[in-house]
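Please look at the model first.

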Amino acid sequence: MIRLSFQFKKLRLVGIGVLGLLVAVVISLGPRVLPAPATTETPNIPTSSQSEPARDPLVAGRTYYHTGKFAAAIEQWQIAVQQAAQQGNLPRQIMGWNGIASAQQALNNWEQAQQSIETSRTLLDNASQTEPVLWAQTLNTQASLLLNHGGQAQMALDLWQEAETYYLQAGDTAGALGARINQTQALQTLGFYRRAKDQLQTITQHLNTLPDSQLKIKALRSLGQTLQLIGSPRDSYNMLAQSLDVARNLEAQTELSSIFLSIGKLAAKVDSPQKALEYFQAAEDAALTPLDQLQARLDKLSIYVDLEDTADISQLTIQIQNQLTTLPASRTTIYSAVNLAHNLSRLPLDRQPLSAHQVNQLLTNGVRAAKAIKDQRAEAYALYQLGQLYLQTQQSNDALNLTQASLALAESIQSADIISQSAWQLGQIFEQQGELQSSIDAYTKAVNALQSLRGDLLAINQDIQFSYREQVEPVYRDLISRLLVEGSQVSLEKARMVLEDLQVAELDNFFQEACIDIESSSVDQIDPNATIVYAIILDDRLAVIYSQPGQLLTTYETEIEYAQLETTLRSFLANLHPSTDRQDQLRYAQTLYNWLIRPAEEAGRLQPDQTLVFVLDGLLRNLPMSALHDGQQYLIEKYAVALSPGLQLLPASTLNNQDTKAIVAGISQARGRFSALPAVKEEVINISKLFSSSQLLDQQFTRQALRQSLTDRQVNILHLASHGQFSSDFSQTFFLTWDGAININELSELLKRRDADRSQAIDLLTLSACETAAGDDQASLGLAGLAVRSGARSTLATLWSVKDEVAKQLMIDVYKNIGQVGMTKAEALRQAQLNLIKSEDFADPFFWAAYVLIGNWL
């Protein structure tokens with residue numbers, strides 16, 4: 001028996017598949033909720049005793065739908081609708097149209113899906129009397145369409161709430177439960193994370209009162225997957241474990257495989273590959289259908305490829321290949337063939353278990369099968385992967401033709417995810433052929449497709465293994481690289497904007513949703529005296545774009561392989577400690593200065609004491625720019641420094657103590673595993689004296705007290721002197737209150753009402769005792785994410801843990817400086833850092849360089 005246990009660390013979750021779990025009408029998962037055809041019978045629908053299921057087109061349609069044969073399902077439901085219309089059987093007509101709408105959604109035929117559901121609504125509206133469950137099913141399908149394609153989360157939420165009411169009227173507990181779980185997806189999309197989590201907790205409490213049943217198994221599994229999506233991996237695991245316990249108690253063998261698969265996917269993200277393999281093996285052992293067995297094997301293969309386990313890869317590949325040749329054609333088998341080919345493409349040529357000819361045959365069969373079942377989406381995916389195979393075998397003309405065919409097909413069905421990949425691949429082909437403008441055009445089309453997807457990236461079918469690191473981020477970088485090669489002002493401006501789009505995409509991936517929707521001035525329009533320094537890491541070079549209002553963009557590139565660049569960046573960070581050799585520290589600091597700053601100085605672009613605003617990329621985000629060194633001085637001694645996520649920012653005026661009201665909170669005593677911070681008490685008391693303020697210290701600093709204090713609309717500074725952490729997993733980015741941790745989403749919701757009125761947004765959020773998670777290269781995303789999600793105009797925080805006494809001294813100086821008329825926040829921080837540089841005890845960058853200002857620097 002497999003023991004269920006996880007070590008939760010370095011969490012980074014991705015979405016579960018779009019089809020989700022089926023309970024009655026629907027319990028579906030992922031930001032895009034795809035409804036299953038209704039399974040609830042009404043008194044007017046013939047039962048199996050009245051009509052053989054195999055001959056009933058409603059039943060046949062459901063069978064085809066669940067096996068991925070959507071075109072065949074539509075044909076059967078169209079027959080059902082025609083027969084029902086002739087018989088005057090309204091319920092069967094409505095159920096048929098609902099099924100057609102669901103299948104059309106699966107095929108990306110959004111307009112036809114909308115027409116089908118509108119037909120269903122018209123039939124209901126014109127009927128003199130209808131069963132409540134028919135209204136519920138129709139509203140459920142319409143809500144999923146609105147959330148999936150229309151992005152109308154509020155309307156979807158309203159419809160799911162209405163559907164829940166109808167399900168309850170019909171006595172359909174399963175349908176009502178599914179509608180409630182779906183509501184949490186809409187709530188999350190709207191940004192109501194606490195409400196979503198509260199509702200899921202209420203559902204959990206209700207499920208715990210129910211006797212064990214098939215419904216409880218599926219509902220718990222669906223609930224677990226939904227909790228994973230909203231950033232609660234521990235709660236997700238608990239729900240999945242409960243689902244497994246119930247399934248075992250009931251000896252529900254049909255459910256075990258899918259539960260093990262769900263737990264295995266979670267384990268692959270939050271625990272270890274070995275633990276994930278155990279669950280995937282359990283899923284394979286428990287599988288009762290060939291498709292369940294196939295899915296478990298594919299998931300195992302992905303892990304083996306990650307581990308470069310050649311022996312197991314070969315054996316498993318042959319098993320999967322044999323299955324694919326015997327299973328009937330469906331979307332699932334076609335996607336599985338693409339999945340297999342994609343995994344094998346990640347292996348070196350000398351470790352391939354199948355020949356190129358065998359993979360070619362596999363994908364060619366997939367294309368034929370997709371044509372046979374009239375699944376254009378599956379056909380486009382198979383063509384794309386086949387084109388990639390020809391590209392890898394250096395048959396560029398065939399690769400070009402196949403990729404263009406995939407792109408044309410994807411565009412015809414408006415399938416943005418396939419468009420992004422096919423256009424990207426087309427750009428790579430053009431780049432290899434030396435066609436610069438054609439490659440730029442193709443890469444641009446790919447980026448535009450990704451921009452149109454944003455939060456929906458998480459809902460792309462997991463069978464295709466759509467990875468941000470492998471299939472999203474590189475698209476932006478390839479476009480930026482080509483634009484920089486082109487080099488015109490138009491191309492440089494476009495490269496700058498694409499870099500900002502990449503910053504947004506990274507935060508979307510961090511939050512597992514489209515998290516940013518800000519309309520205001522851009523960074524280089526806020527301060528006419530600032531210089532924006534955009535730095536981007538490419539495979540073969542480090543590129544810097546300098547932007548100043550009213551001047552042409554300029555760029556400077558350092559040719560350096562990524563491995564060497566990474567070594568330099570890590571060495572610089574490792575040497576930022578008083579115990580290291582100062583000459584080594586300065587050598588790395590000067591190297592980075594020469595790469596990022598000196599070209600602009602030598603070109604006469606920089607003026608003394610002006611503000612430099614850095615939009616950084618990758619590992620550069622973990623480094624303190626203020627500690628760069630020109631051989632004589634640190635950067636902070638010459639310029640004020642700020643960071644920006646490259647986003648649109650709120651305009652802000654400088655602060656002074658006449659119009660400032662603050663909440664100053666902190667914890668000085670030890671709490672659990674968090675050590676005491678004795679100087680916090682003095683820090684809180686002294687800062688509170690500088691402004692009109694509310695003071696929350698130790699036991700007074702609770703969640704509720706903070707929430708209550710923030711109802712004061714005059715508050716524009718929030719200072720939090722408490723332990724906290726920035727992590728690449730947003731659920732592990734938090735700060736501590738007396739009664740527990742508050743994560744990014746909870747902070748966002750605390751400040752959400754203020755964000756509705758831009759004039760009431762927090763002007764400065766300070767976290768004076770936080771640090772980035774150890775060993776986490778992407779931890780700085782947590783800092784940027786908190787800065788953005790909080791809604792604060794500016795965020796002051798630390799990249800690493802700083803000595804308690806130093807933090808107190810610097811923070812008090814910062815706020816004293818802010819109180820001076822006309823001093824910007826960036827300059828206030830700079831002057832406080834200069835005071836430490838001048839001191840005898842804290843002159844080393846380790847003590848003062850950790851502090852960074854993110855967002856608006858005025």
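At 7% relative accessibility, Arg377 is buried (under 20% relative accessible area; exposed is over 50%, partly exposed in between; 1.4 Å probe, protein chains only). Asp417 is buried too, at 3%. Their side chains form a salt bridge, that is, a side-chain nitrogen of Lys or Arg within 4 Å of a carboxyl oxygen of Asp or Glu. Asp417 sits in helix H19 (residues 416–432) and Arg377 in helix H17 (residues 376–392), so the bridge ties together parts 40 residues apart in sequence. Helices are DSSP runs (H or I, at least four residues), numbered from the N terminus.

This is a predicted model: local features need pLDDT of at least 70, side-chain atom pairs count only at pLDDT 80 or more, and totals for chains, interfaces and linings use all residues. Residues are numbered from 1 along each chain as its sequence is written, and side-chain values use heavy atoms, without hydrogens and water.

The structure holds 37 salt bridges. Among them are these:

| Pair | N to O distance |
|---|---|
| Asp417 and Arg377 | 2.6 Å |
| Asp212 and Lys216 | 3.6 Å |
| Arg496 and Glu500 | 3.9 Å |

Lys216 is buried at 8%. Asp212 is partly exposed at 34%. Arg496 and Glu500 lie four residues apart in helix H23 (residues 489–511), about one helical turn. Arg496 is buried at 6%, and Glu500 at 4%. Salt bridges with shared partners link Arg469, Glu473, Arg477, Glu506, Asp617 and Arg621 into one network.

Key: Helices (H or I, at least four residues) and strands (E, at least two) are DSSP runs, numbered from the N terminus.
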